[in-house]
Amino acid sequence: LNGFYGGFASDESAGGHGYLVPYNNGDNFGKVARFSLVGFDAVEWAACSNHINAVGFQGGFQDGRFGYLVPHRYGTVIRFF
């Protein structure tokens, strides 16, 4: 896995997953990598949005229900499940 800028984790009540924040792997991209904090054995990929500016993030966090990606350049904050 490359092109990610940090990550964050959800608490156990939200499923106990880690999330890698998409940034740039030769081009800005917007697919979040999600993995279990229990098994670390599988990575799931999910497009965080179909919005054209939903690429290249510099951070992320969760509030117990949603995950959020903080924009690097385009100013579009993305919220996802």
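Val43 is partly exposed, with a relative accessible area of 38%, where partly exposed covers values between buried (under 20% relative accessible area) and exposed (over 50%), taken with a 1.4 Å probe and protein chains only. Val43 belongs to strand 4, residues 43–47, a strand being a DSSP run of E of at least two residues, numbered from the N terminus. This is a predicted model, in which local features need pLDDT of at least 70 and side-chain atom pairs count only at pLDDT 80 or more, while totals for chains, interfaces and linings use all residues. Residues are numbered from 1 along each chain as its sequence is written, and side-chain values use heavy atoms, with hydrogens and water left out.

- Together with Leu1 and Trp45, Val43 makes a nonpolar surface patch of about 340 Å².
- Patches of this kind are made of residues with over 30% relative accessible area and no salt bridge, with nonpolar side chains (Val, Leu, Ile, Met, Phe, Trp, Tyr) joined within 5 Å and like charges within 9 Å.
- The salt bridge excluded here is a side-chain nitrogen of Lys or Arg within 4 Å of a carboxyl oxygen of Asp or Glu, and the accessible areas come from the Shrake-Rupley method with a 1.4 Å probe, where for residues only the protein chains shown count as cover.

- Because four of its five residues are buried, strand 6 is largely enclosed by the rest of the structure.

**The two hairpins**

- The hairpin of strand 5 and strand 6 has four residues between the strands, and in this hairpin Gly64 takes a positive phi near 100°.
- The hairpin of strand 6 and strand 7 has six residues between the strands, and here Gly75 takes a positive phi near 75°.

**Buried residues**

- Ile78, which lies in strand 7, is buried with a relative accessible area of 5%.
- The C-alpha atoms of Ile78 and Phe57 are 9.4 Å apart in space, although the two residues are 21 residues apart in sequence.
- His17 lies in strand 2, residues 17–22, and is buried with a relative accessible area of 14%.
- Not counting residues up to four places away in sequence, His17 touches Phe8, Ala9, Ser10, Arg34, Phe35, Ser36 and Leu37, where contact means heavy atoms within 4.5 Å.

**Loop residues**

- Phe40 is placed in the loop between strand 3 (31–36) and strand 4 and is exposed, with a relative accessible area of 56%; Phe40 and Gly16 are 24 residues apart in sequence and 11 Å apart in space, C-alpha to C-alpha.
- Glu12, in the loop between strand 1 (4–9) and strand 2, counts as exposed at 76% relative accessibility, and its C-alpha atom is separated by 31 Å from that of Asn53, which is 41 residues apart from Glu12 along the chain.
- His51 has its place in the loop between strand 4 and strand 5 and counts as partly exposed at 41% relative accessibility; from C-alpha to C-alpha, His51 and Gly67 are 16 Å apart in space and 16 residues apart in sequence.

Methods. Two strands pair if DSSP finds at least two bridges between them.
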